[in-house]
Each structure stands twice: as C-alpha cells, then as structure tokens.
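Please review the structure shown below together with the notes that follow it. The notes are grouped by topic.

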Amino acid sequence: MRRREIYLDYAATAPLDPAVAAAMTDCMTREFANPSSVHDPGRRARRLVENARAQVAARVGAPAGRIFFTSGATESNNLALQGVLRGGRARPHLVTSRIEHKSVLDTARALEAAGVAVSYVDCDAGGRVNPHDVAAAIGPETALVSIMHVNNETGVIQDVAAIGAICRERGVWFHVDAAQSAGKVPLALGDAAIDLCSLTAHKLCGPKGIGALYVAGGVLLAPQIHGGEQERGLRAGTLATHQIVGMGAAYELADPAAEAPRLAALRDRLWDALRAVPGARLNGAAEHRSPHVLNVTFPGVEGESLRLALRDLAISAGSACAADSPEASHVLRGLGLSDPLAASSLRFSVGRFTTEDEIAAAAGRVAVEVPRLREVAKSAPRWCSV
Amino acid sequence: MEYSSEVVRRCDAPRRVGELPRATPGLSSGEAEDRSLQVWVRFELQVQDGVIQTVRFEAFGCPHTVAAADLTAERLEGQPVNAARRVDAKELMRELEVPIEKLGKLLKIEDAAAACVSGTATRT
C-alpha cells in the first residue's frame, strides 16, 4: 500500500508559497530586462529589485542599503568569512563554533589552509555556545567571530545578543548565519551588535538560488566574485530579478509573530507524541529553541534503516547538505552523542503548510516503525543503543 | 542512498527475524560485529542430520545488511551445514545491488554465518 507522503523537512527547504510563485511568474513574463540597464525596461526591473531589497530589510530590521543579494546563504557565509579574512586585514584569526553549518566550517578550513588561524568553540550538552567561551577565544589577532543564530539540526537558538555585545566590546566583527532563523525568529539587525548576517529565501517558502548578506556600515569586505559592479561592487553578476522578487515576496509574507506560535504548537504536539516511544530523547536545550525544528534520538534503531522504513515521511538525519555523508552528524556529536545515537536521530521540521493531521500521522508512523526495527535487533549488544 | 527493490522488500518485511526456542534440538548460533561500521549480525540454525532446517537472524545495521541477512537466512535453509561457511558477501552484493562501500558490513554476515559452524564469534 502506498502511504501518504508527509513533508516535515522545512529546515532543509520549504515549498514555494503560491503568492511568491505568482510574483516571480509575473516578473519573469513581464520584466525580463537587466536591472543594470539604464533604459526604461531596465529601470523598471531595477525598481523591482530595490522593492525586494526593502522587503527583505524590513523583515530583518535593517536599512535596505545594507542588504546585498547573493546566490544563497552558502555564498553569503563564504563572502562574510573570506571577505573579511582574505581582505588584507592585519588580524588573521577567526572564532567560530564546532556546530556551525558546513558552509561556515568548510570555509573556515579553507581559510586555515590559507594561513588563517581558527578557534573552534564547543557547545554544551544542550547545544548552546557559551558567550564566555567565545570571549575567551577572542585574542588580539581576531578579526571575526561567526556563530549561527538557530542551529539547522537541533533548532537551538544561540545567544547572539550576548556574543555580539562581547564582540563589540572587543572590537571584533560579528557574523551571524541566520539561514535557519530569518523570518521565523524575530531579528532586528539594526539594533543588534551584528556586523554581518547571512540570509536565504528558500527556507522561508521563497525560491532556491537566492540569498543575501547584511553588511553593517563600516565593515570592509573583499569581493569574492569579480566581473561587474553589481551590488556596489561587492557581488558581481547579472542580478536574478525574478529570484530577488521571490525573496522579497517571501520575506514580506513571513510573519514570525503570527506564525511562530502555530509552528511551536505543532512541534510540541509532535514531541508529545514521539516521547511516548520508549527511549525517545530530545536533542538540544528545551528552553532555547526555534519553533520549527525538533531533533529526536531513538536508541537501539539503526539510523539508515529507520529512514528507509519512514521513507513516506520527508524528514532528515541532520543537515540536508551532509545527507550523502556516512559520517555521524558533527552537531549531535558536539552535543556529546555517540556515533550510534547520533545516527539514530531524526530531524523533524514543520512549516507554513504543515497540518495537525500530518503531525498525528507522522507520529503514528514512527510509533510503528521504531518498535518493529528494534525487534530486528532485539539481542544486539549494548553499544548499539548507548 | 539508493536501494534495490529487493532490499526495500526484505527490509519492509524480513521473514526470518527472531530467535529459535532455546530447547530446539541441533541449535547453533553465531554472531559477528564491527563497531566502527556500526554493524552486528547474529544467526541461529537448527541442524538435523547435517542439514540446516530452520534459520533465524537478528541484525543491527543498514538496510543492505538487514536485507542480505534475510536473504542469507532464506538460502541456508535446506542446505548442508557446511554451506554456512560458504556465504559469499560479494555474491550478496551483486544480487541485492549493494554499493561497494557496504562490503565491510556484508563481510560480517559471512563471519556470523561461519561462526554458527565454528562456534566462534568475531568482533572488530
């Protein structure tokens, strides 16, 4: 029997909102001109771009002129880290955490190979980075601190206000990867001690392939893509007008104040159902979490077999960006989980179109498959479940 | 990860999961594991007059491992007991379309089946 597919992977990507699709279609069919052109069609396209820039800026509480469009949060993270640390500054030291997204960690490793010193701060068992640990890692050579706002695997919210205040006091720029939080958790960049902030559209029911970097006034970045003066010389390349229009529409539609309580209720309802599965344990601090992500370990069940058994549920083992890797999640290992437990963990993430019926059906499927798979490994040695 | 339809079918409904009653005459068992690969496999055989009558298995492992253990259990029934020494991981790989990087896990199926006859368990 073919089961109904249930999409609970909004932290990987979200379906396009029909209103966003309509705005993009209208742009693609009517306003195809290059927004850098000075003729009338080009000027109309430019107005669409600037309107979208204002929409994105309004959602994150930033001046529109400080938003620079990129191809997504991965590029934004690369631009922020490499733009600062390859920019010829005299202080070649980066501070970040061990539980960042691969687009930060891999960029940090590339910088290390180029001679930049990198300090990796651990998180606690709840997945929180202690601001004091960040302060302790900052030295006279530190140019930049990069800490994510909401962790993409656990949904745990980092204390970026406290970390930002430390950075400001120490004269160090602070970059926040907000790919998972923008539009879901309130963010007022203009009021925060945040100098650089990475944003994306597709996790907010916008299109893939478009994102932005917020760059506070006075922050000097070396461009990483050359070949044009677009985005005031910071990011060369013809502007993808329809993508930008889609991002603007998505950010205007997103309303965390209205949507977060509903998502949190769905998430909590799911956890209430899943915790009835014997041994189920929640990963990440319960009191500091985004409304849309739930990460649960089911000890004694091999992770790959569990995901195959639950293939009608669109859920993840962890980051979708590392889904092909046989390695256990670096984030869950950072929380102190063993490799078998990290592999036996599932990330559920809810979003705009998730319904209560889907939550109930998903929990029911897990409640059937986990005990069934435990029977297959009933006499397995203890290391399989600790 | 892609899975052949046979792997999916066997994982959805493995037919020989479990244990044989402790009092089963001619009962032998064998297991093998590799913690670094996160795989553990156990077989139990009921042997009568040198012929394997019934096989049960348990496995903690990926879908390819579970499917290959199920297929092995099915194939061993009705075979002379020495067939348990001749389980071939590469043959299982071909039949179930298992990717080469899973060979190490399937080798534990070879080891667990052989241990039923030799009475040894292998742990890595």
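Leu199(A) is in contact with Val56(A), Val60(A), Ala73(A), Ser76(A), Ala178(A), Ala179(A), Ala182(A), Gly211(A), Ala212(A) and Tyr214(A), neighbours within four places in sequence being left aside; two residues are in contact if their C-beta atoms, placed from the backbone, lie within 7 Å. This is a predicted model, in which local features need pLDDT of at least 70 and side-chain atom pairs count only at pLDDT 80 or more, while totals for chains, interfaces and linings use all residues. Residues are numbered from 1 along each chain as its sequence is written, chains are lettered from A and ligands numbered from 1 in the order in which they are written.

**Nonpolar core**
- Leu199(A), Tyr214(A) and Ile109(B) have the most contacts inside the largest nonpolar core, which has 151 residues.
- Such a core is a set of buried Ala, Val, Leu, Ile, Met, Phe, Trp, Tyr and Cys residues joined through C-beta atoms within 7 Å.
- A residue is buried if 20 or more other C-beta atoms lie within 10 Å of its own, exposed if 12 or fewer, and partly exposed in between.

**Helices α3 and α4 of chain A**
- The axes of α3 (residues 73–85) and α4 (residues 102–113) of chain A come within 9 Å and cross at roughly 30 degrees, which makes α3(A) roughly parallel to α4(A) (angles under 35 degrees).
- From α3(A), the contact draws on residues including Ala73(A), Asn77(A) and Leu81(A), and from α4(A) on residues including Val104(A) and Leu111(A).
- By class, this contact has six nonpolar, six polar and no charged residues.
- Glu112(A) also lies in helix α4 of chain A and is exposed, with 12 other C-beta atoms within 10 Å.
- Between Glu112(A) and Leu94(A), 18 residues apart in sequence, the C-alpha to C-alpha separation is 9.2 Å.

**Helices α1 and α2 of chain B**
- In chain B, the axes of α1 (residues 5–12) and α2 (residues 63–76) come within 8 Å and cross at roughly 80 degrees, so α1(B) is roughly perpendicular to α2(B) (65 to 115 degrees).
- Glu6(B), Val7(B), Arg10(B) and Cys11(B) of α1(B) meet Pro63(B), His64(B), Val66(B), Ala67(B), Asp70(B) and Leu71(B) of α2(B).
- This contact has six nonpolar, one polar and three charged residues.

**Contact of chains A and B**
- Chain A and chain B each give 17 residues to the contact.
- On the side of chain A, two or more residues come from each of α9 (303–309), α11 (339–343) and α12 (356–376), and the largest share, four residues, is from α9(A).
- The residues on that side divide into ten nonpolar, two polar and five charged.

Conventions: Axes fitted to C-alpha atoms, helices over the stretch in contact; angles between N-to-C directions. Parallel < 35°, antiparallel > 145°, perpendicular 65-115°, else oblique. Nonpolar A, V, L, I, M, F, W, Y, C, P; charged D, E, K, R; others polar.
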